[in-house]
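Biologist: I would like to learn how to read a model of this kind with some care. Could you take me through it feature by feature?

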Amino acid sequence: MTLTIDNITKSYPSTKAGPRLALAPTSLTIGRNEFVCVVGPSGCGKSTMLMMMAGLLSPTDGQVRLGDTPVTGPPAGLSVVFQDYGRSLFPWMNIRRNLAIAGQAAGLPRAEIAVRVAEALTAVGLHKVEHLYPWQMSGGMQQRVAIARALVVRPDVMLMDEPFAAVDAQTRADLEDLVLKVRHDYQMTVVFVTHDIDEAVYLGDRVLVMQANPGRLLRDLPIDLPRPRDQVGTKLEPRFAQLRSEIFRLVMRPVEPAA
Amino acid sequence: MTSPTTRTAPDAPATAPEPPPPTPSRPHLGQRATSLLRPLLNLWLLAALLVGWEIYARANPTIFFPPLSSILRQFWADWLSGPPTRAFLSDQFFTAVVPSMSRLTQAMILALVVGVAGGMLVARNPVIRGMYSPMIRFWLATPKVVLLPVALQVFGVSDALNIFVIFFGTVWLIMINTADGVAGVNAAWLRSASSMRLSRWQLYRHVILPAAAPQIMAGIRVSIGVGLIMVIVSEFYATTAGVGYEVMRFQETFGYLQMWSAFLLIAIIGLILNLVTAGLERRALRWQRRTGLGAL
């Protein structure tokens with residue numbers, strides 16, 4: 001399913017200088033099974049844009065469409081993985097219940113939920129954790145559970161909001177490869193917001209570079225690195241270095257007034 | 001240690017040098033000895049008080065203030081003289097305790113259902129909050145026993161009177177605690193639930209209720225204490241059976257020994273209710289303590 005962003009803006013009422021523009025008019029089309037990364041400095045509206053795609057925030061103007069259907073609330077077939085796994089998994093439920101609730105919400109029959117939960121846990125490489133509680137796990141494992149929960153509904157689109165910002169470098173590399181694997185297994189569109197340029201280039205088919213004040217889309221760069229990607233090999237390629245320095249210059253360049 | 005002058009000068013820089021706290025001459029020895037002795041000291045004090053009571057009451061015989069040993073004997077005869085098949089509980093125990101506990105249970109269940117549902121509505125719906133939170137605060141601040149005469153007019157001497165008074169005494173506590181708990185549910189959990197498209201029922205049942213459970217449980221614990229007070233007071237006032245009635249009946253017939261024995265029974269019931277609630281709370285909220293520790 002295509003994810004279409006049609007001229008959306010987001011502004012918040014402000015105190016003196018009129019409304020504050022969090023996202024200037026932005027249009028964008030994300031094709032089926034595309035892996036799109038969004039980078040930019042804080043305040044560039046990248047998370048705001050993602051939350052509008054997720055139907056968790058409504059645009060001030062414009063429209064988000066999943067397929068042909070306008071997004072007015074969280075749509076079916078779309079899952080979100082949040083940055084703060086500690087506050088997105090429910091600590092009063094064990095892992096099995098944490099996953100099953102996603103299936104229950106989607107109205108799946110009980111037997112089907114059991115199948116999906118087992119399948120999702122296998123996909124993220126977790127075994128024998130059904131009866132553990134989130135607080136009995138490390139941060140990296142909790143984020144794996146959060147990804148597994150997103151997979152239970154076998155989504156067409158998975159939105160990820162700086163999912164690995166809070167884990168250590170080693171775990172982060174593992175989780176990046178995990179996302180590539182589940183994206184391949186489940187044949188999903190992935191929109192991945194990050195502030196890490198290397199991560200964006202390593203994962204994406206496309207990288208959207210955004211800029212702050214007001215938040216807006218600056219550049220839409222195709223990433224022509226071969227797949228499958230490899231943590232060592234891909235990052236050694238000259239093209240990888242070229243792309244990352246190009247994006248780095250875009251992100252770091254002084255803020256210019258919006259056109 | 002902040003000196004009083006620093007406290008009263010809010011514009012003083014936070015990094016202002018403070019005089020080092022005076023060091024006690026021999027801190028370690030003194031502190032350690034006290035910490036080891038404290039539990040023993042506590043027990044000794046209790047024992048000394050009980051012994052003191054016994055000696056005083058024997059030395060100055062009066063029917064109002066019998067010695068502890070007589071009260072314990074009376075307690076045994078009144079409540080624990082039954083057959084082993086009924087855990088030694090006497091007939092009197094059943095005729096007195098069963099009505100009281102039945103009223104307390106019915107009223108608490110009613111208060112729990114109404115209080116939790118009402119608290120959720122108040123917390124989640126701004127219109128209802130605007131309409132009803134002044135009323136909740138009014139009833140929280142009012143000593144509910146003043147309604148006893150009114151309740152007597154409405155219900156007459158019946159179980160309904162006791163149940164109403166206990167319910168009315170506890171429901172506001174449960175309601176305000178539930179409302180606070182629900183209003184304080186972490187926004188990230190709600191966002192997660194919303195992105196998974198939980199139905200309204202699923203949202204309340206699986207997310208909001210458990211997330212607010214710590215505060216709801218705190219409300220229940222406090223309200224059980226209040227509930228016990230309301231049982232006894234309402235039984236003092238109007239009933240024909242129950243532990244409060246027993247206390248009153250013995251007091252009016254100069255059965256002071258039995259009155260004290262009933263008093264002891266009420267204290268033990270209160271203690272047991274407290275322990276049971278605390279135990280249930282610990283079990284139900286295991287995740288909360290663990291999460292708290294994990295965050296350290």
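Predicted model: local features only at pLDDT ≥ 70, side-chain atom pairs only at ≥ 80, totals over all residues.

Biologist: Where in chain B is confidence lowest, and where is it highest?

Modeller: The lowest mean, 39, belongs to helix α1 of chain B, residues 4–7, whereas helix α8 of chain B, residues 187–195, has the highest, at 94. The pLDDT stays below 50 over residues 1–18 of chain B, a stretch that has five contacts in the model beyond near neighbours in sequence.

Biologist: How many helices and how many strands does chain B have?

Modeller: Chain B has 12 helices and zero strands. Of its 296 residues, 27% count as buried, and among its contacts with a separation of 6 or more, 69% join residues 24 or more positions apart.

Biologist: Is helix α7 of chain B enclosed or open, and how should I judge its length?

Modeller: One compares the end-to-end reach with the expected span. Helix α7 of chain B, residues 159–183, has 25 residues and reaches 35 Å from its first C-alpha to its last, close to the 36 Å expected at 1.5 Å a residue. Because 20 of its 25 residues are buried, α7(B) is largely enclosed by the rest of the structure.

Biologist: Which residues does Trp189(B) contact, leaving aside its neighbours within four places in sequence?

Modeller: Trp189(B), which sits in helix α8 of chain B, is in contact with Arg87(A) and Phe90(A) as well as with Val207(B) and Ala211(B). Trp189(B) and Ala211(B) are 22 residues apart in sequence, yet their C-alpha atoms are 8.7 Å apart in space.

Biologist: Why does Trp189(B) count as partly exposed?

Modeller: Trp189(B) has 19 C-beta neighbours inside 10 Å, and therefore counts as partly exposed, since a buried residue needs 20 or more.

Biologist: How many residues does each chain bring to the contact?

Modeller: Chain A and chain B each bring 19 residues. On the side of chain A that touches chain B, helix α2 of chain A, residues 95–105, gives the most, with four residues. By class, that side of chain A has 15 nonpolar, two polar and two charged residues.

Methods:
Residues numbered from 1 in each chain as written. Chains lettered and ligands numbered in written order. pLDDT = per-residue confidence, 0-100. Helix = DSSP H or I, 4+ residues; strand = E, 2+ residues; numbered from the N terminus. Contact = placed C-beta atoms within 7 Å. Nonpolar A, V, L, I, M, F, W, Y, C, P; charged D, E, K, R; others polar. Buried ≥ 20, exposed ≤ 12 C-beta atoms within 10 Å, placed from the backbone. Expected span 1.5 Å × (residues − 1).
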